[in-house]
Amino acid sequence: MVIFSVYVVNKAGGLIYQYDNYVPRAEAEKTFSYPLDLVLKHHDEKVIVSFGQRDGIRVGHAVLSINGVDVNGKNTADGKDILEYFKDPANYPVSIRFGRARLSSNEKLMLASMFHSLFAIGSQLSPEVGSSGIEMLETDVFKLHCFQTLTGQCELFDQNLKSALEVAEKAGNFGAGS
């Protein structure tokens with residue numbers, strides 16, 4: 001088992017600590033001719049694929065670079081809007097690298113508080129009295145574990161949190177390349 005990230009959330013749902021062992025996942029690079037046969041759109045300060053999966057390029061992948069030059073959010077290195085750049089036939093052929101963009105700090109805060117809300121709803125709706133809520137969410141790609149402290153507060157050096165992290169360390173190394 002590989003641990004990709006650790007989020008510590010307080011009882012109110014605020015993100016206290018976050019560790020991200022980011023290793024870029026498979027990225028796809030392809031050279032396109034005019035017109036571009038993918039549908040791209042602006043989303044959260046990024047340009048993402050909204051339609052047209054092919055050759056390892058998936059819906060939700062972001063444009064990471066154009067002709068080997070990294071992009072800055074939704075703009076090219078020289079400040080032009082990426083979507084406007086792709087509309088100009090003079091810019092073709094163009095080599096575009098796609099992949100999963102890193103989460104912004106705001107997205108990490110949103111995900112942590114959203115999971116806290118799901119946890120609270122799960123413990124409230126459980127038919128069992130005194131339910132501990134969500135302990136694990138499992139998908140075909142990853143498992144999301146939730147560890148609780150006895151005090152109800154997640155302090156970084158709390159003994160219960162420390163033992164939970166020790167269990168996680170024993171289960172496997174941190175990072176995808178491990």
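**Relative accessible area sorts the residues here into buried (under 20%), exposed (over 50%) and partly exposed in between, with a 1.4 Å probe and protein chains only.** Welcome to a predicted model, in which local features need pLDDT of at least 70, side-chain atom pairs count only at pLDDT 80 or more, and totals for chains, interfaces and linings use all residues. Residues are numbered from 1 along each chain as its sequence is written, and side-chain values use heavy atoms, leaving out hydrogens and water.

**View 1. The protein chain as a whole.** Three helices and 10 strands make up the elements of the protein chain, where helices (H or I, at least four residues) and strands (E, at least two) are DSSP runs numbered from the N terminus. Read from the N terminus, the order is β-β-β-β-β-β-β-α-β-α-β-β-α. Of the 178 residues in the protein chain, 29% are buried.

**View 2. A salt-bridge network around D55.** The structure has eight salt bridges, each a side-chain nitrogen of Lys or Arg within 4 Å of a carboxyl oxygen of Asp or Glu. D55 bridges to K30, with 3.5 Å between the closest N and O atoms. Since D55 sits in the loop between β5 (46-51) and β6 (62-66) while K30 belongs to strand β3 (residues 28-32), the pair ties together parts that are 25 residues apart in sequence. D55 also pairs with R54, and here the closest N and O atoms are 3.1 Å apart. Together with D37, the residues K30, R54 and D55 are linked in a network of salt bridges. How accessible is D55? With a relative accessible area of 51%, D55 is exposed. K30 is partly exposed at 22%, and R54 is partly exposed at 26%.

**View 3. R97 meets D70.** This salt bridge brings the closest N and O atoms of R97 and D70 to 3.0 Å. The pair links distant parts of the chain, with R97 in strand β8 (residues 94-99) and D70 in strand β7 (residues 69-70), 27 residues apart. D70 is partly exposed, its relative accessible area being 47%.

**View 4. The hairpin of β4 and β5.** Strand β4 (residues 39-43) runs antiparallel to β5, and five bridges join them; strands pair if DSSP finds at least two bridges between them. One place to look is K41, whose bridge partner in β5 is I48. Two residues lie between the strands of this hairpin, and D44 in the turn has a positive phi of about 50°.

**View 5. Aromatic pairs.** Three such pairs occur in the structure; rings of Phe, Tyr and Trp (its six-membered ring) pair if their centres lie within 6.5 Å, and planes under 30 degrees apart count as stacked, over 60 as edge-to-face and the rest as tilted. Y34 and Y92 form an edge-to-face pair, because their ring centres are 5.3 Å apart and their planes stand at 70°. This pair links distant parts of the chain: Y34 is in the loop between β3 and β4, Y92 in the loop between α1 (82-87) and β8, 58 residues apart. Y34 is partly exposed at 45%, whereas Y92 is buried at 12%. The rings of Y85 and F86 have centres 5.9 Å apart and planes at 70°, so they are edge-to-face too. Both Y85 and F86 are buried.
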